Amino acid sequence: MKRHSKTYVTVSLDVSVFIALIFYSIMRSNHQFAPLESPGLQHLLGTDQLGRDFLARLCVGSLVTLSLTAIVIIVSVGIGLALGLIAGIERKWLDQLVMFMADMLLAIPSFIIALVVLSLVSNSMIGMILALTLGWMGRYLRYFRNLTRDIQKQPFIQYAVLSGNSKLKTTVTHVIPHLCSNIFALITADFGKIMLSISGLAFLGLGIKPPTPELGTILFDGKSYFNGAPWLFFFPGLLLGGYALLFQIINKKITR
């Protein structure tokens, strides 16, 4: 009980701090200040090259990065769950086709797939979401297909079939809930990697472009001022590493 209450308090504090930072960014976003001011009491993380409060810009950039990461991982997991479930249940030509597609996607690094897809389709935010979804989908296809095959061997699935339940009812009431119980651990394990992929593509000028305040584009803008205003390059990189580390810690807590 104490352990759960401690977790709830920690999560509540984190959410409260994040909400406070969002309000701070909204209040500061419409104000122009002197460009390239050093971090101080008036501007905790200084200002950027256009005189914008850098802490407010990082808050908005974090919201954009985390939202895009959530979209990519939800779409990837959703498609992987649906196709993996069908392939694991049918075990016919569809299973072979899905596994062939998964093997092809797993044979090539997801970042390379994203680069190729972005060069073929529009170099935009939608194109980046499509590219990363395709790059990460193979992992979830194979994972959910194998998990479905393992669950179907469990005695309670066989008892459900013997008791007269249809295949559809057994899948909805027994198989899918067991698949969904593993999703949160899977999401936290890959969230940081997908986030770094999004920011890495943005840093290369792919997918998201300035003036959209994404952490990768903020990092790209800051590298030009590395000697005169190093905080423009240091804080976005530190924030990206911190987010990735945070989700790995959460994943270890879940899987322990």
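C59 is buried, at 6% relative accessibility, where buried denotes under 20% relative accessible area, exposed over 50%, and partly exposed the range in between (1.4 Å probe, protein chains only). C180, by contrast, is partly exposed, with a relative accessible area of 38%. If a disulfide is taken as a pair of cysteine sulfur atoms within 2.5 Å, the count comes to zero.

The model is predicted: local features need pLDDT of at least 70 and side-chain atom pairs count only at pLDDT 80 or more, whereas totals for chains, interfaces and linings use all residues. Residues are numbered from 1 along each chain as its sequence is written, and side-chain values use heavy atoms, with hydrogens and water left out.

A nonpolar surface patch of about 530 Å² is formed by I108, I112, V116, L120, V121 and L130. Patches consist of residues with over 30% relative accessible area and no salt bridge, like charges being joined within 9 Å and nonpolar side chains (Val, Leu, Ile, Met, Phe, Trp, Tyr) within 5 Å. A salt bridge is a side-chain nitrogen of Lys or Arg within 4 Å of a carboxyl oxygen of Asp or Glu. Accessible areas come from the Shrake-Rupley method with a 1.4 Å probe; for residues, only the protein chains shown count as cover.

Helix α4 (residues 110-120) gives the most to this patch, with three residues; helices (H or I, at least four residues) and strands (E, at least two) are DSSP runs numbered from the N terminus. L120 lies in helix α4 and is exposed, with a relative accessible area of 70%. I108 is placed in the loop between α3 (93-107) and α4 and is partly exposed, at 40% relative accessibility. The C-alpha atom of I108 is separated by 8.3 Å from that of G135, 27 residues apart along the chain.
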